[in-house]
Amino acid sequence: MAYKWGNTMTALATGTIAPDFTLHSTPDQRLSLAELRGRPVVLVFYPADWSPVCGDQLALYNELRQEFAKSNAVLLGLSVDGAWCHAAYAKDRHLHFSLLADFEPKGEVARRFGVYRDKDGFAERALFVLDKEGVIRWSYVSPVGINPGADGILTALEALPGRAS
Amino acid sequence: MSLAIPVGKDDHVLGPADAPVTLVEYGDYQCPACAAAHPMVKVILKRLGAKLRFVFRNMPLSEIHPYAELAAEAAEAAAAQGKFWEMHDALYEHQDEFGPDLVATLAKRLRLDTSRFEDDLVSGRFRDHVKRDFMGGVRSGVNGTPTFFVDGMRYDGILDEPSLEAVLRQRIAHNACAAAGR
């Protein structure tokens, strides 16, 4: 299902193959989505490091690492913040998953997934669950000020075929 | 979002079982926003009296609050000695003193059997209970702490006393109408 808001963008629909991308995961390392084929991937687009709602949202996912691991899933956060900002933020919040810097060209990956807010200059609070072939199986775009929680992600992961139990 | 786990025998409950409205809180003892909400809940409990049933469940975010899990298990260990709410209040009221020794100090102050209390914490006797609370919260759409549910529906309104109390009172009135119409 595609989600619409305003007249700007529509999030990529379920059943679409997620577009590949390569982004900095640390100041000196880069990660490509294609490297993760064979494992489910959870993409968490969020507006910005340090903002209160994001903090709660990522802190919750951080606590749920074991639950995501049950599906062998890789969790990735994405925002327009730079790799150094992500590194400081992840260290401060003890985050144990990668934050990718959708920094240059700014917001390009969010745009490709249809979840960039042009007027604001940051991504929607959007979730995508990809299966191990890289196909989008579930997505959700939350109002920017509302933390979407984790229930939808866990349910989507559990619904993937061939889930390790 | 609505409450995935109904209020049951494992819950810590204040107020009558047949109260016309139930408020469930998912909280973390080391979370500043939860400590800020604590006096608000106490005032509302006092004002609504027997009209309100209040339930507290654990949602410790351990990576950002290193003593939250210990505190949650300490409250459960106090519950095993009949003093859940005393420990619950003490943890929130002494949040600024959080450290490795706080729960033992509070246990002593509450005159708990401290060796039993320590055994329960060392053995992790209540770890599963806390984990069950946590995952029940996740499945209910808890997305941060504190999160409140009014009669099972997540409260997304402003978190202050007048707003929450107004919603609870509306719910009481609604339930009274529904009962009268039966």
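This is a predicted model: local features need pLDDT of at least 70, side-chain atom pairs count only at pLDDT 80 or more; totals for chains, interfaces and linings use all residues.

Q: What makes E1(B) and E3(B) a strand pair?
A: Pairing takes at least two bridges. E1(B) and E3(B) have 3. They therefore count as paired. Within this pair, Leu14(B) has Phe54(B) as its bridge partner.

Q: Which strand joins E3(B) in the parallel sense?
A: Strand E2 (residues 21-27) of chain B, through 7 bridges. Gly27(B) of chain B stands opposite Asn58(B) in E3(B). From E2(B) the chain passes through helix H1 (residues 32-48) of chain B to reach E3(B). This β-α-β crossover is right-handed.

Q: Why is the crossover from E2(B) to E3(B) called right-handed?
A: The view has the strands pointing away from the viewer. A path from the first strand over the helix to the second that runs clockwise is right-handed. The crossover through H1(B) is assigned that hand.

Q: Why is strand E3 (residues 52-58) of chain B described as largely enclosed?
A: A residue is buried if 20 or more other C-beta atoms lie within 10 Å of its own. In E3(B), 6 of the 7 residues are buried, so the rest of the structure largely encloses this strand.

Q: How do you know which strands stand at the edges of the sheet in chain B?
A: The open sheet has 5 strands in the order E1-E3-E2-E4-E5, with mixed pairing. E1 and strand E5 (153-154) of chain B each have a single partner strand, so one side of each lacks a neighbour in the sheet.

Q: What makes E4(B) and E5(B) a pair?
A: The threshold is at least two bridges. Strand E4 (residues 147-150) of chain B and E5(B) pair over 2 bridges, in the antiparallel sense. Val150(B) has Met153(B) in E5(B) as its bridge partner.

Q: Which helix lies across E2, E3 and E4 of chain B?
A: Helix H7 (residues 161-180) of chain B, which runs at about 145° to E2(B).

Q: Why are H2(B) and H3(B) called roughly antiparallel?
A: Helix H2 (residues 68-79) and helix H3 (residues 84-93) of chain B pack at about 150°, with axes 7 Å apart. H2(B) is therefore roughly antiparallel to H3(B). The residues in contact include Ala71(B) and Ala75(B) of H2(B), and Phe84(B) and Leu91(B) of H3(B).

Q: Is Ile5(B) buried, exposed or partly exposed, and why?
A: Buried takes 20 or more neighbours, exposed 12 or fewer, and partly exposed lies in between. Ile5(B) has 17 C-beta neighbours inside 10 Å, so it counts as partly exposed. Ile5(B) sits in the segment before E1 of chain B.

Q: How do you know how compact chain B is?
A: Chain B has 7 helices and 5 strands. Its radius of gyration is 16 Å, close to the 16 Å that the globule rule gives for 182 residues, so chain B is as compact as a globular protein of that length. Of those 182 residues, 40% count as buried.

Q: And how compact is chain A?
A: Chain A has 5 helices and 9 strands. Its radius of gyration is 14 Å, close to the 15 Å from the globule rule for 165 residues, so chain A is as compact as a globular protein of that length. Buried residues make up 41% of chain A.

Methods: Residues are numbered from 1 along each chain as its sequence is written. Chains are lettered from A and ligands numbered from 1 in the order in which they are written. Helices (H or I, at least four residues) and strands (E, at least two) are DSSP runs, numbered from the N terminus. The radius of gyration is taken over C-alpha atoms; the globule rule is 2.2 Å times the number of residues to the power 0.38. Axes are lines fitted to C-alpha atoms, for helices over the stretch in contact, and angles run from 0 to 180 degrees between N-to-C directions. Angles under 35 degrees count as roughly parallel, over 145 as roughly antiparallel, 65 to 115 as roughly perpendicular and the rest as oblique. Two residues are in contact if their C-beta atoms, placed from the backbone, lie within 7 Å.
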